[in-house]
Amino acid sequence: MGGRQVLAARRLLAEALNGELPEHERVLAARSVVAELGSPDRLLELTAELASGEGDPDGCARLSYRHVLGFDKLLLIDGGPHHMLRAHLWHAGRGAVGKEDIHNHRSPLASYVVRGRLAMELYAPREGGGIEADRYRESLADESADWLLEPTGPARLHLTQVAEYAAGSTYALPAHTLHRAWCDTAEPTVTLFLETGSGRRQHTDVFTAAGPHPGSVPKVPLDVADYLAELDALAELLRSS
């Protein structure tokens with residue numbers, strides 16, 4: 001089920017995040033854990049171990065895919081309802097439907113920038129002025145896990161913060177925080193992303209000013225061979241950093 005690095009990471013995640021915590025404490029715990037696991041040497045060892053077939057390659061491949069927001073989403077450790085640890089590989093200029101979308105998440109999250117740089121904007125709803133956007137209720141299809149987007153009407157948003165996160169930076173967000181993030185450099189950016197499971201919402205909110213979205217966006221998982229090849233390529237990228 002796992003080599004030394006996989007077992008150590010699972011133990012650290014379980015000790016920090018299993019059990020009931022108030023959201024603000026869970027956010028802080030997630031930020032601390034992802035910074036520890038995201039240190040380049042430790043993440044390289046974990047990624048190389050997983051690329052050799054340790055852990056759960058079959059299960060993790062089924063939950064790894066090319067995200068519509070422009071990055072590759074590779075599941076490293078599946079903690080079931082408690083947490084999911086992923087590596088995100090961002091490519092400058094990549095993105096299809098939804099690359100400009102403002103959104104929130106189903107549960108609190110934390111992220112560590114391993115290499116490269118991310119830009120981020122935070123938003124809040126407002127009654128008048130601000131940015132005009134179309135609002136969608138996003139959920140997952142029961143059978144295929146495709147993204148389902150149900151339009152819920154017009155909305156207005158207010159930009160509240162702009163930030164840049166260079167390598168070595170961390171950020172953590174409560175589930176309802178509206179934001180958008182993108183790769184802010186021509187070089188590939190790698191982030192370690194930790195999604196906690198406490199109080200997981202059944203849907204997220206998506207806002208776009210880029211025009212109407214289709215009602216369903218396919219989520220195509222990687223097969224095991226592609227998943228392991230992506231992990232091996234990620235390990236090589238980390239070695240060259």
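The side chain of R180 makes a polar contact with the side chain of Y123, at 3.2 Å. A polar contact here is a pair of N or O atoms within 3.5 Å; within protein, one atom must be able to donate a hydrogen and the other to accept it, and residues adjacent in sequence count only if both atoms are side-chain atoms. The side chain of R180 also makes a polar contact with the side chain of E121, at 2.8 Å. R180 itself lies in strand 10, residues 178–183. Helices (H or I, at least four residues) and strands (E, at least two) are DSSP runs, numbered from the N terminus.

This is a predicted model, in which local features need pLDDT of at least 70 and side-chain atom pairs count only at pLDDT 80 or more, while totals for chains, interfaces and linings use all residues. Residues are numbered from 1 along each chain as its sequence is written, and side-chain values use heavy atoms, with hydrogens and water left out.

Next come the strands around strand 8. Strand 6 (residues 117–125) pairs with strand 8 (residues 147–166) in the antiparallel sense, over 9 bridges. Two strands count as paired if DSSP finds at least two bridges between them. In this pairing P125 stands opposite L157 of strand 8. S139 has L148 in strand 8 as its bridge partner. Strand 8 is joined to strand 13 (residues 216–217) as well, by 2 bridges and again in the antiparallel sense.

Another part of the model is an open sheet of 6 strands, in the order 1-2-3-11-5-9, with antiparallel pairing. Its edge strands are strand 1 (65–66) and strand 9 (170–173), each of which pairs on one side only. Within the sheet, strand 2 (residues 71–78) and strand 3 (residues 83–90) pair over 7 bridges in the antiparallel sense. K73 stands opposite H88 of strand 3. In a regular strand the side chains alternate between the two faces of the sheet.

Helix 5 (residues 224–239) lies across strands 1, 2, 3, 5 and 11, and runs at about 100° to strand 2. Contact means heavy atoms within 4.5 Å. For angles, axes are lines fitted to C-alpha atoms, for helices over the stretch in contact, and the values run from 0 to 180 degrees between N-to-C directions. What about helix 3? Strand 2 and strand 3 pair over 7 bridges. Helix 3 packs on the sheet too, touching strand 2, strand 3, strand 5 (109–115) and strand 11 (189–196), and its direction makes about 80° with that of strand 2.

Two packed helices are described by the angle between their axes and the distance between the axes. Helix 3 and helix 5 pack at about 155°, with axes 8 Å apart. Helix 3 and helix 5 are therefore roughly antiparallel to each other. Angles under 35 degrees count as roughly parallel, over 145 as roughly antiparallel, 65 to 115 as roughly perpendicular and the rest as oblique. Residues of helix 3 including L43, L44 and T47 meet residues of helix 5, among them L228, L231 and D232. By class, this contact has 10 nonpolar, 1 polar and 2 charged residues. The axes of helix 1 (residues 4–17) and helix 3 (residues 40–51) come within 8 Å and cross at roughly 120°. That makes helix 1 oblique to helix 3. Among the residues that meet are R4, Q5 and V6 in helix 1 and R42, E45 and L46 in helix 3.

Helix 1 has a further partner in helix 2 (residues 23–37): their axes come within 9 Å and cross at roughly 165°. That makes helix 1 roughly antiparallel to helix 2. By class, the contact of helix 1 with helix 2 has 9 nonpolar, no polar and 2 charged residues.

How values were computed
Ala, Val, Leu, Ile, Met, Phe, Trp, Tyr, Cys and Pro count as nonpolar, Asp, Glu, Lys and Arg as charged, and the others, Gly among them, as polar.
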